[in-house]
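Please keep the sequence and the 3D view at hand while you read.

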Amino acid sequence: MNKSICFYFQVHQPHRLRLYRFFDIGKESYYYDDFANRTILRRVAERCYLPANELMLELIKKHKGKFRISFSITASAIEQFEQYAPEVIESFCKLADTGCVEFLGETYSHSLSSLISPDEFKEQVKLHSKKIKELFGKSPKIFRNTELIYSDNIGVMAADLGFKAVLTEGAKHVLGWKSPNYLYSNPANPELKLLLKNFTLSDDIAFRFSNTKWAEWPLTAEKYSHWLKNILVKDEIVNLFMDYETFGEHQHISTGIFDFLKHLPGEVIKGGFAEFRTPSEICKIHQPIALLNVPFAISWADEERDTSAWLGNELQNEAFSKLYSIETAVKKTGNQELIRDFRRLQESDHFYYMCTKFFSDGAVHKYFNPYGTPYEAFINYMNVLSDFMIRVQNFKKAIV
């Protein structure tokens, strides 16, 4: 049977910055809100990571390996698991031991480096792959860039790093009349395969599941399986990509999200119309049907499916350009603490908090934003960055 369903989950938690005032610059160089980071990490672990991982393990065993899934876990999240919830890492290791779970490559710090610094991008990807190998015993073969950001050029960089395929968004303005439910390839390097997110079916779970005003509410496993079957009558693959926090955090347990997940694999397997496969397995079984030209970066964010959620206004672009303007200086120091902070300041979340798109996507931005306004996020970040730049400068002076 050559019909496939691919479940992929993003696992990420940023290092949230503490309230950092102008008068702290040059005096206090610890930037992180440890209380918020620990509190949120523990909450999400208890609501999502631990119960979801337990359920995934149960489903894999129940269906004797026919249920297969994939994750990309940022090192930003892993560092906080190690600090605040090591049992989460243990639960992912149990999943890894089943042989039914694939772990994908990422940027180490969930950064936007692919858009500005090829060198930093490649360094981060290599560091992330090393971390995944240490934890789970296998080096990633498939790549998933931060926020599914992808372009032809980013694809070439991923291929140069040895990846066989890249996950990205099935953006309408790129696909045109074509369907996201097939394998495609990079025009500059046709050996690199592309798996495209079916955003309608993915968002039915990730965003619409608990919406009682949605025409399809309540969404049952039987109904959803029927939708998958109808699509796969003629198409080959359905890629369901979403944040792992969908289960228990964004969609609370009271919505029935765990019951839905518990019954869905059984409905699909019983129907016999498709098999759950990991991205690597899909790339072995399916062949690309066409080249897909993506000259400008796309992502899975907002209606535009571009990078404007992070780099769509002057605040974001000023912060972004100033941060990367000191990349060479930071690396020349060789100081691991400075390099660590430089990478944490690259986390895409910091720029997302500065987003001023308050229209159709405003509710989503507000949910993920700890700041009252984008301007507060910008000021706080720039205060931190100003202090960081002073530290880099002082280090250079000290070794002269």
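## A buried asparagine

At 8% relative accessibility, Asn198 counts as buried, where buried means under 20% relative accessible area, exposed means over 50%, and partly exposed lies in between (1.4 Å probe, protein chains only). Asn198 sits in the loop between strand S7 (193–197) and helix H7 (199–206); helices (H or I, at least four residues) and strands (E, at least two) are DSSP runs, numbered from the N terminus. Not counting residues up to four places away in sequence, Asn198 touches Pro180, Asn181, Ile231, Val238 and Asn239, and such a contact means heavy atoms within 4.5 Å. The C-alpha atoms of Asn198 and Ala221 are separated by 17 Å, while the two residues are 23 residues apart along the chain.

## How the model is read

This is a predicted model, in which local features need pLDDT of at least 70 and side-chain atom pairs count only at pLDDT 80 or more, whereas totals for chains, interfaces and linings use all residues. Residues are numbered from 1 along each chain as its sequence is written, and side-chain values use heavy atoms, with hydrogens and water left out.

## The nonpolar cores

In soluble globular proteins, nonpolar side chains tend to be buried together. A nonpolar core is a set of buried Ala, Val, Leu, Ile, Met, Phe, Trp, Tyr and Cys residues joined through side-chain atoms within 4.5 Å. The largest one here has 59 residues, and those with the most contacts inside it are Phe71, Phe92 and Tyr244. Helix H1 (residues 34–62) gives the largest share of this core, eleven residues. Apart from it lies another core, of 55 residues, which includes Leu17, Leu112, Leu194 and Phe320.

## Aromatic rings

A pair of aromatic rings is described by the distance of the centres and the angle of the planes. Rings of Phe, Tyr and Trp (its six-membered ring) pair if their centres lie within 6.5 Å, and planes under 30 degrees apart count as stacked, over 60 as edge-to-face and the rest as tilted. The structure holds 33 aromatic pairs. The rings of Phe92 and Tyr244 have centres 6.3 Å apart and planes at 45°, so this pair is tilted. The pair links distant parts of the chain, 152 residues apart, with Phe92 in helix H3 (residues 86–97) and Tyr244 in the loop between strand S8 (237–243) and helix H9 (257–271). Phe92 is buried at 1% relative accessibility, and Tyr244 is buried at 0%.

A further pair is that of Phe143 and Phe163, whose ring centres are 5.1 Å apart and whose planes stand at 45°, so it is tilted. Phe143 belongs to strand S4 (residues 142–144) and Phe163 to the loop between helix H5 (152–160) and strand S5 (165–169), 20 residues apart. Phe143 is buried, with a relative accessible area of 0%, and Phe163 is buried with 6%. One aromatic cluster includes Phe92 and Tyr244, together with Phe7, Phe9 and Tyr49 among others.

## Helices H2 and H3

Helix H2 (residues 75–84) is mostly covered, since eight of its ten residues are buried. Among these buried residues are Glu79, Gln80 and Phe81, and what covers the buried residues of H2 includes strand S1 (4–11), H1, strand S2 (69–73), H3, H4 and helix H14 (336–344).

In helix H3 we also find Ser91, which counts as buried at 13% relative accessibility. Leaving aside its neighbours within four places in sequence, Ser91 is in contact with Leu50 and Asn53.

## Backbone details

The peptide bond from Trp217 to Pro218 is cis, with omega near -5°, and Pro218 is found in the loop between H7 and helix H8 (221–231).

His110, in the loop between S3 and H4, has a phi near 55°, a positive value in a residue other than glycine. His110 is buried, with a relative accessible area of 1%. Leu148, although not a glycine, has a positive phi of about 60°; its place is in the loop between S4 and H5, and Leu148 is buried at 0% relative accessible area.
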